[in-house]
Amino acid sequence: DGDGKIRYHEFVDFVWKRERKLRKIFKKMDTKQDHVLDKTEIHHAAERMGVNISERSLGFLMARADLNHKGSISFDDFRRLLILCPTLSVSDVFGLWRDASDLNAGDFEVPYSKVEDPVSTLISGAVAGAVSRTATAPLDRLKVLMQAEIPGQTRQFTSLVQSVKYIYEAG
């Protein structure tokens, strides 16, 4: 109702509408009409949408989505995986699947990321690193100065201004 809060009945409405949309997508992908999706159907559906999905990514997707380990994805598996996705266009669903399956923490590999211009990427990374170190190193030093106490001596840096002045003068 536009008040910024989700009430139970609004959530239930959303879920019912979303499930109907998911069923339409599932039926469109289920070309064999056997009420499950296998690797071939998923691969063909991805191709029709212009989404390249590698065999490895497809295998990872199947392992993630096939909750009953039968080698196919039932509508229940499909629904559980996608019911709360932010969008349900078929190409977006494949994009979400592709992104989720390509990021494999076990291999530390992200094959979907494509570098358009390696020189720009290198320069961007260098600038980001320089800015990061330039901004964080003085703050780290400031933290140490403010926390450090030498036993038997009075605390030298009791204020933020005093500490910043010391860092500036010391270089």
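Does Asp 77, at 3% relative accessibility, count as buried or exposed? Asp 77 counts as buried; the term means under 20% relative accessible area, while exposed means over 50% and partly exposed lies in between (1.4 Å probe, protein chains only). Asp 77 lies in helix α4. Leaving aside residues up to four places away in sequence, Asp 77 touches Ala 65, Asp 66, Leu 67, Asn 68 and Ser 72. A contact here means heavy atoms within 4.5 Å.

This is a predicted model, in which local features need pLDDT of at least 70, side-chain atom pairs count only at pLDDT 80 or more, and totals for chains, interfaces and linings use all residues. Residues are numbered from 1 along each chain as its sequence is written, and side-chain values use heavy atoms, with hydrogens and water left out.

Now the overall layout. The protein chain has seven helices and two strands. Their order along the sequence is α-β-α-α-β-α-α-α-α. Helices (H or I, at least four residues) and strands (E, at least two) are DSSP runs, numbered from the N terminus. Of the 171 residues, 27% count as buried. Take the contacts between residues at least 6 apart in sequence: 46% of them join residues at least 24 apart.

Next, helix α1. It has 22 residues and reaches 31 Å from its first C-alpha to its last. That is close to the 32 Å expected at 1.5 Å a residue, where the expected span is 1.5 Å times one less than the number of residues. Glu 10, Arg 18, Glu 19, Leu 22, Ile 25, Phe 26 and Met 29 are buried in α1. Seen down the helix axis, the buried residues of α1 fall within an arc of 165°, so they line one face. The arc is taken from the directions from the helix axis to the C-beta atoms. On the other side of α1, the exposed residues include Trp 16, Arg 20 and Lys 24.

The largest nonpolar core has 20 residues. Such a core is a set of buried Ala, Val, Leu, Ile, Met, Phe, Trp, Tyr and Cys residues joined through side-chain atoms within 4.5 Å. Leu 22, Met 29, Leu 37, Ile 42, Ile 73 and Phe 78 have the most contacts inside it. The elements giving two or more residues to this core are α1 (8–29), α2 (39–48), α3 (55–65) and α4 (75–82).

Ile 73 touches residues including Phe 26, Leu 37, Ile 42, Met 62 and Phe 78. Leu 61 lies in helix α3 and is buried, with a relative accessible area of 2%. The C-alpha atoms of Leu 61 and Ile 73 are separated by 9.9 Å.
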